[in-house]
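Keep the model in view as you read.

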Amino acid sequence: MSPVKPADPPTLPSLAEAPRVCLRESLTPAEREALERLAFDYGTSAESYLIVEPDGQCVILPDLSGAAAIVQNFCTKHLHVTGGLLAPESEKPRLLQALRGLVGGRTKTVNCYSVLEEEIPLYEAAGFQINKFGEEPVLELGNVTWSGKPYEWIRRQVNYCERAGVSCTEIHREQLLPTEWEALKSEMFSVLREDLADRPYPHELLLLEGKLIPDLLGRRRLFVARREGQAGIEAFLICNPMRGGREWGFESYRRRKNATRGVMAYLMKTTIDVLQAEGVEQVDFCVVPGEGMRTKSHPTESWLVQRGLDLWYRRFDMFMNFQGQLHFKSRFRPRMINRYVCAYPRASISSCLSFFRTAGAFSPSYRNVARAMWHRLRQKFRGTRSHASVSERRD
């Protein structure tokens, strides 16, 4: 079935003057402060706060009442808007009209990611094509006690780390000496390089995750894990604020290859305890692209996006390990919510390729890819031999 072309809305708010599209690094200090405030107050995804990073562009309304982040891409044919609409509800139609108005000339499509279910009517009214992007695990706080069989795995990891002398603490930069902060930054970059070194993508992927820029944390929160008797940190977790600090997104987390078993689960559990004690309502574990794509999600969805994301998730998981990430996050017993990508006027082969290119999916380490493929083949071969041996013994 071909995607249904969305109809233009009958009326939309008019702009007194045109919105600005500019490089974030060219903004004045007052404009950067306004962007940070909008991201903190109105962000609805873990990627919302990434607008404070200098790389990329932004669309900003003339009165600074709303903004949206555009990740720096390689051409202007397809614009990729991440983190949602950073504006109060009354200003979102105005901001969405500004984004839609960017289409024309060389710009063919505008693609908005991390859209929530309750925001779909707004995009429908503006004539966007609605496609499911994936599902996101979220954990509602307030009464999480870590007791009972559902959290048995979490408790085992915590007990092991505590017996091994691992401790987790929040880092407050203002409490550190300049030399201590520089040393911690060096350790964080070392952990990042070690964590990514043998992955198919030995670099951060834009559109899906932010860059590690410790000096621009802003109101993000940093938690680290250390092991008694060892120098440096074993792992770190960066939490991004959402909805005025009522929600926090676990956007970036890295660990060393030889870190204590279960250290990341222990670090996340400790962080959740801290946030829950402060009265935080919810923790978001970031969207898992391609999850839950087997069924039709919207009358206007593009079969190209639906099939492409499902194929990426199920057949090319060795590149991103989305299924493994989801399995790990499920240990915290979250509920799943839908996330959408909305395209105006509609998605195309060219816009889909632009997404992968802008994210950096076309620049893997072929050596690491070959190594991962060989590792999977060996596992599969060993599994087949083990199954055959069991069958022989049974016979």
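Leaving aside residues up to four places away in sequence, S252 touches F236, L237 and I238. Keep in mind that this is a predicted model. You'll find S252 in strand β10, which covers residues 247-255. Is S252 buried or exposed? Its relative accessible area is 15%, and since buried means under 20%, S252 counts as buried.

Strand β10 comes up again when we turn to the pockets. The largest pocket has a volume of about 1,500 Å³. It is lined by 47 residues, and those closest to its centre are D195, R199, M320, N321 and Q325. Which elements give two or more residues to this lining? β10 is one of them, alongside the helices α4 (152-163), α5 (178-196), α6 (263-277), α8 (317-320), α9 (322-330) and α11 (366-394). Sorted by class, the lining of the largest pocket holds 21 nonpolar, twelve polar and 14 charged residues.

Now for the second largest pocket, with about 540 Å³ of space. Here 27 residues make up the lining, and G308, W312, C352, F355 and F356 lie nearest the centre. At least two lining residues come from each of the strands β5 (109-115), β6 (129-140) and β13 (335-344), and likewise from each of the helices α7 (303-315), α10 (349-359) and α11. So how does this lining divide by class? It has 23 nonpolar and four polar residues, and no charged ones.

Note on methods
Residues are numbered from 1 along each chain as its sequence is written. This is a predicted model: local features need pLDDT of at least 70, side-chain atom pairs count only at pLDDT 80 or more; totals for chains, interfaces and linings use all residues. Side-chain values use heavy atoms; hydrogens and water are left out. Helices (H or I, at least four residues) and strands (E, at least two) are DSSP runs, numbered from the N terminus. Buried means under 20% relative accessible area, exposed over 50%, partly exposed in between (1.4 Å probe, protein chains only). Contact means heavy atoms within 4.5 Å. On a 1 Å grid over the protein atoms alone, a cavity is a set of points where a 1.4 Å probe fits but cannot get out, and a pocket is an open set with protein on both sides within 12 Å along at least five of seven lines; lining residues have an atom within 4 Å of a point. Grid points are joined across faces, edges and corners, and a volume is the space filled by probe spheres set on the points. Ala, Val, Leu, Ile, Met, Phe, Trp, Tyr, Cys and Pro count as nonpolar, Asp, Glu, Lys and Arg as charged, and the others, Gly among them, as polar.
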